[in-house]
Amino acid sequence: MRRRHLLGAALAIAMAGMAGNAMAQSEIKIGEINSYSLLPAFTEPYRKGWQLAVEEINAAGGINGKKLVVISKDDGGKPADAQTAANELVSSENVAMLAGTFLSNIGLAVSDFANQKKVFFLAAEPLTDAITWSKGNRYTFRLRPSNYMQAAMLVEEAAKLPAKRWATIAPNYEYGQSAVAVFKKLMSEKRPDIQWVDEQWPPQGKIDAGPVVQAVAAANPEAILNVTFGADLVKLVREGNTRGLFKNRTVVSFLTGEPEYLDPLKDETPEGWIVTGYPWYDIKTPDHDKFLKAYQAKYNDYPRLGSIVGYQTIKAAAAILAKANSTDPEKLIAATEGLSMPSPFGEITFRKIDHQSTLGAYVGKTALKDGKGVMVNSVYRKGSDYLPSDAEVEKLRPKD
Amino acid sequence: MFRDARLRRASQLEGQDLRLIQTLILRRREAPSRRMQAPMFTEPGPPMAFYFVQFLTGLASAASLFLVASGLSIIFGVTRIVNFAHGAFYMLGAYVAFTLTERFSGALGFWGGIVVAALVVAAVGVLVEMVLLRRIYHAPELFQLLATFGLTLMVQDIVVLIWGPDDLLGRRAPGFKGAVDFFGQNIPSYDLFLIALSPVVLGVLWLLFQRTRWGVLVRAATQDRDMVAALGVNQKWLFTSVFALGVFLAALGGALQIPRDAVHHALDLRIIVEVFVVVVIGGLGSIIGAFVAAVLVSELNAFGILIFPKISIILVFLVMAVVLIVRPWGLFGKPEAAARRTPGLTVNPWRPLTSGERSMSIGTLVLAAMLPLFAGNYALTVGSEIAIFVIFAASLHFLMSVGGLASFGHAAYFGLGAYGVAFLAKAAGLPMVVSLLLGPVLGLLGAAVFGFFAVQLSGVYFAMLTLAFAQIIWSIAFQWVTVTGGDNGILGVWPDRWASSPSSFYWLSLAVAALVVTVLRVIVFSPFGFALRATRDSPLRSEAVGINGKRVQWTAFVISGAVAGIGGALFAYLKGSVFPDSVGISLSVDALVMVLLGGVETVSGAVIGAIVFKAANIWLVSQTDLSKLVLGGFIVLMVVAFPKGIVGTLEMLRNRRRSTDTKSALATSQVEVAE
């Protein structure tokens with residue numbers, strides 16, 4: 001009696017799976033996975049972004065005449081669940097490719113799955129360098145500028161600062177660790193004279209901001225590198241403001257200019273931080289204007305960086321599918337390598353050498369305007385300018 | 001009031017003016033010459049003032065921890081409910097306070113908002129207690145955990161539905177916006193307020209418990225609630241009021257965080273485990289213990305990060321492990337009085353399957369084995385995953401229901417098995433069969449080491465020590481990047497060719513699951529199983545007949561850990577990768593939920609619990625973005641419908657029917673009750 005349930009459950013799942021296969025001919029399916037329930041602050045705008053893209057693509061006639069359908073799954077922030085979802089998308093839904101993911105470890109889990117099952121995977125958000133380099137594989141491509149690229153963009157500005165004594169604050173997991181490591185390495189190459197006087201590693205999502213701020217202040221650095229984001233960033237900024245940590249110190253900060261992380265700071269936004277981000281209110285290019293208008297018309301809301309990532313992920317997927325004119329993974333890979341396409345940030349290319357796109361990021365300074373945090377003096381940095389030389393990349397990436 | 005109005009007016013001005021005003025405020029807050037007064041922070045080390053301020057900062061962190069922990073401690077002391085939803089109430093307090101303080105400005109609006117928020121959430125707590133928990137006080141121990149876990153899941157989705165996905169920034173407290181200068185160090189005045197508040201709360205609680213009749217009843221119930229009930233105290237209202245007070249304190253703790261934190265939907269998980277740890281370090285039911293433990297943990301963290309910046313991630317668990325090994329009942333706790341067991345366990349003595357049931361089980365197994373004939377790859381992979389979780393849940397169930405030892409950190413041994421396989425397969429390059437056989441040994445070894453310490457304790461202290469060990473293993477997996485790959489895990493652990501097709505892997509998992517469940521059942525009805533059950537039901541009597549209780553329990557722990565390791569080993573091959581998640585708290589909680597859902601008082605209820613929970617979980621996550629809300633609601637419904645777990649309740653119904661048929665069965669059970 002105790003195993004009958006297993007059978008019943010499995011039967012139900014099997015039947016649900018078969019029902020999905022019926023009308024596959026006139027449409028092309030993309031399987032999308034993201035941490036919708038764990039990280040709604042990022043994934044809600046992200047979802048809006050890709051939904052807009054799907055609408056635009058199908059309004060323009062779909063992909064070579066076929067309707068584009070995106071089947072979206074939640075991974076709950078767990079790599080194992082992401083693999084279950086990937087498996088469902090590939091085995092039951094027969095999707096042409098996988099796309100999405102936010103967290104680095106989930107991106108890596110799906111990328112490994114894609115490599116094993118020989119499925120094309122377009123990673124949207126995960127920042128870890130490993131996904132294209134040390135653990136890169138031929139089935140995986142990545143859209144967003146990597147940790148390394150963002151660090152290189154920030155180092156370019158940070159190296160100009162007179163500051164010699166630096167402290168770092170980063171969440172204690174792979175993203176924080178590798179962001180600090182790359183930043184330190186690139187920075188020390190450009191400025192051998194600087195000293196690293198303190199490092200703080202609060203657990204992700206659990207920063208005890210008071211003691212951390214005090215500890216950093218006690219080391220008396222001239223500049224600070226921050227890698228925390230989200231709720232940790234809010235706590236850090238509040239404690240830092242109250243305790244005067246940021247006074248007379250320059251802060252260089254990953255991702256803080258993204259509306260997802262900057263907007264919650266409201267009138268407590270610290271001024272003059274050098275950040276990467278997305279100043280949607282300041283970008284005056286025709287590509288971006290078109291996207292912005294469409295987005296605002298559809299949602300009556302402003303886009304976050306997640307919206308751009310979601311939008312461009314599906315646009316890129318569509319461009320790849322259109323060029324390959326096939327759902328065979330090998331043909332998709334061949335089509336993607338070296339493929340250039342427009343994006344709201346200008347033209348981007350998926351590099352053949354490491355499957356990284358050349359999407360860039362905006363670098364600017366934080367400021368307060370009408371009680372809200374904004375990015376000012378922002379400049380777009382092309383991703384292609386902040387990647388190591390091909391020879392170095394070849395050393396970093398295993399041969400296929 | 002005044003400053004607030006001025007700031008609001010300021011926000012209507014041009015950005016530049018606002019910046020100017022802010023600079024002015026900042027400048028007034030901090031003496032500009034401060035750096036010059038105390039310039040030499042550098043080489044000789046920070047001055048004494050720094051250490052003092054760091055101490056105060058630690059105290060401020062302790063304050064919020066204490067408020068929440070005291071509430072949990074009171075609730076547990078009286079009702080014995082492991083209130084997993086305590087973090088959810090904390091989070092609700094913060095959200096409601098955010099709404100109220102945004103709407104009503106000024107000092108009255110702010111402080112009034114904080115208090116009203118706590119009251120509102122306390123009212124919600126009362127509702128939960130009356131509607132849900134009252135129905136299940138008589139369920140087996142820890143069953144209430146399942147209900148509060150379901151609630152927690154629901155609240156996480158509900159707050160996003162109501163307040164939206166963005167992080168919210170609450171107002172600063174009127175009158176406590178700036179910082180106080182202390183020899184060149186800044187102390188936020190709000191921190192000082194919190195530091196002053198916690199002794200006040202402690203004092204009020206002390207007066208409440210020492211000087212009122214209600215307090216006497218609460219203390220009495222904490223010591224011996226059966227006796228209090230026997231003396232004619234209305235337990236219902238005592239429990240409700242205690243629950244309300246506890247929830248009020250949690251919500252107050254949450255509401256008071258809004259001037260220094262962001263309000264978001266993961267606040268509950270951030271605090272709940274830590275608070276449990278504080279309560280246990282302090283000693284269950286001891287308010288002073290909670291206070292001392294909160295201070296201890298916060299201060300160790302404040303100073304620990306100066307020497308080991310990465311210590312925060314593991315510190316509380318290290319402290320708890322050390323405290324529990326040295327003082328098994330926490331710093332201020334007293335040994336628990338020998339529990340009077342509810343007769344439920346002995347009413348229906350366990351018996352092996354009858355031959356009819358046995359052939360039915362084999363038939364079901366054969367049917368399950370025929371699944372690959374008509375199901376697709378996805379269904380088979382899900383089937384494999386469910387089979388693996390049957391193994392995992394069965395291993396915990398063995399420890400919990402046969403051994404009477406509820407482990408809150410059982411994922412440790414599951415994860416060790418998974419990492420064992422990953423090391424063997426990736427680093428040593430061993431073939432799959434060898435890895436599968438040897439991988440679980442790591443789980444076995446881990447269980448042997450940690451189990452030795454853990455079985456010295458019992459009840460919730462045992463549970464929390466296992467949790468601490470699991471977290472220590474988790475943080476090793478997380479931190480030791482060169483060996484374990486950190487949170488990026490170990491990739492590429494795929495099965496060998498013979499097992500790589502979904503159907504063969506499904507058969508493998510199913511066969512192992514069937515074998516494991518059978519072996520565990522055989523152990524239950526072996527002499528060792530009887531010795532283990534004797535130790536569970538009556539430690540004194542079993543010792544008197546010559547059973548070495550600790551050794552028997554330790555052996556059970558090792559068996560259970562090894563079996564969990566087998567599950568983990570298969571899981572690594574199923575997923576092709578291993579992440580620290582497979583050692584994580586949420587997996588341990590999942591296992592607990594499966595066991596409780598199936599029925600703790602059954603021989604193999606966990607099998608059904610695992611199948612139902614895992615299938616519902618996978619299906620819901622795939623079908624809806626509100627999977628937590630639906631799954632939480634489902635769990636709450638199951639709790640109400642099956643107060644002894646699914647299998648437990650079904651068995652009870654069957655036995656009831658049978659016992660009306662035969663007088664003799666009734667007589668037996670009466671004898672057992674009398675015992």
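Visitor: How many residues of domain 2 of chain B are in contact with domain 3 of chain B?

Guide: In this predicted model, 20 residues of domain 2 of chain B are in contact with 21 residues of domain 3 of chain B. Contact here requires C-beta atoms, placed from the backbone, within 7 Å. The centres of these two domains, taken over C-alpha atoms, are separated by 32 Å.

Visitor: Which elements give two or more residues to that side of domain 2 of chain B?

Guide: They are helix 7 (143-163), helix 11 (267-282) and helix 13 (315-326) of chain B. Helix 13 of chain B gives the most, with 6 residues.

Visitor: Why are strand 2 and strand 5 of chain A said to stand at the edges?

Guide: The open sheet has 5 strands in the order 2-1-3-4-5, with parallel pairing. Strand 2 (67-74) and strand 5 (140-142) of chain A each have a single partner strand, so one side of each has no neighbour in the sheet. Neighbouring strands are turned by 25° against each other on average, direction ignored.

Visitor: What makes strand 1 and strand 3 of chain A a pair?

Guide: Pairing needs at least two bridges found by DSSP. Strand 1 (residues 27-34) and strand 3 (residues 97-100) of chain A have 4 bridges, in the parallel sense, and therefore count as a pair. A:G31 has A:L98 in strand 3 of chain A as its bridge partner.

Visitor: What describes the packing of helix 2 and helix 11 of chain A?

Guide: Two packed helices are described by the angle between their axes and the distance between those axes. For helix 2 (residues 40-59) and helix 11 (residues 305-324) of chain A, the angle is about 35° and the axes are 6 Å apart. Their crossing is right-handed. The contact has 13 nonpolar, 6 polar and 3 charged residues, including A:W50 in helix 2 and A:Y311 in helix 11 of chain A.

Visitor: Which strands of chain A does helix 2 of chain A lie across?

Guide: Helix 2 of chain A lies across strand 1 and strand 2 of chain A, running at about 165° to strand 2. Helix 11 of chain A lies across strand 1, strand 2, strand 3 and strand 4 (121-123) of chain A, at about 160° to strand 3.

Key
Residues are numbered from 1 along each chain as its sequence is written. Chains are lettered from A and ligands numbered from 1 in the order in which they are written. This is a predicted model: local features need pLDDT of at least 70, side-chain atom pairs count only at pLDDT 80 or more; totals for chains, interfaces and linings use all residues. Axes are lines fitted to C-alpha atoms, for helices over the stretch in contact, and angles run from 0 to 180 degrees between N-to-C directions. A crossing is left-handed if the near helix is turned anticlockwise from the far one by less than a right angle, and right-handed if clockwise. Two residues are in contact if their C-beta atoms, placed from the backbone, lie within 7 Å. Ala, Val, Leu, Ile, Met, Phe, Trp, Tyr, Cys and Pro count as nonpolar, Asp, Glu, Lys and Arg as charged, and the others, Gly among them, as polar. Domain bounds come from an automatic or database domain assignment.
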